[in-house]
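Let's walk through this model, starting with a loop residue and then moving on to strands and the core.

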Amino acid sequence: MIQTGLKHTSELIVTENNTAIAIGSGDLSVLATPIMIALMENAAMNAVAGELPENSTTVGGHISSSHLKPSKIGDKVTAEAEVTKIDGRKIEFKVSAYSEGTLLGEGTHTRFIVDKTKFMSKL
């Protein structure tokens, strides 16, 4: 059962492959903002994955986040997501990312529970 307070932490090590220059979102060799956002989404997805009905998943609907500090190649980055509200199929999360105990970014994320088969049939 999905309930408020469910949490998950995802992590990554910054490499050349996930820098702003590598993915085209900037021209510096620092963690790309879209990668930090993806890590936050991953944490949110995993926070509720074990509580979903069979053949269901969640899909991202909205995310709003700051990116306050750069992370260099080799830094370990963690993102945490916590369920803050459930409204039917809509789940809201508080998300944050850290490196070495320093806040990198924070915000909110909304995901929706969908049936995998029905969702994919709409493509």
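Where does L28 lie? L28 sits in the loop between helix 1 (20-23) and helix 2; helices (H or I, at least four residues) and strands (E, at least two) are DSSP runs, numbered from the N terminus. This is a predicted model, where local features need pLDDT of at least 70, side-chain atom pairs count only at pLDDT 80 or more, and totals for chains, interfaces and linings use all residues. Residues are numbered from 1 along each chain as its sequence is written, and side-chain values use heavy atoms, with hydrogens and water left out.

L28 is exposed, at a relative accessible area of 53%; buried means under 20%, exposed over 50%, partly exposed in between (1.4 Å probe, protein chains only). Leaving out residues up to four places away in sequence, L28 touches T19, A20 and I21, where contact means heavy atoms within 4.5 Å.

Now the strand pairs, which need at least two DSSP bridges:

| Pair | Sense | Bridges |
|---|---|---|
| Strand 1 (residues 7-13) and strand 3 (residues 76-87) | antiparallel | seven bridges |
| Strand 3 and strand 4 (residues 90-99) | antiparallel | ten bridges |

T9 has E80 in strand 3 as its bridge partner, while I86 stands opposite I91 in strand 4. Strands 3 and 4 make a hairpin with two residues between them, and G88 in the turn has a positive phi of about 65 degrees.

I91 turns up again in the largest nonpolar core, a set of 23 residues where M36, M40, V48, V77, I91 and F93 touch the most other members. Such a core is made of buried Ala, Val, Leu, Ile, Met, Phe, Trp, Tyr and Cys residues joined through side-chain atoms within 4.5 Å. Helix 2 supplies the largest share of this core, eight residues.
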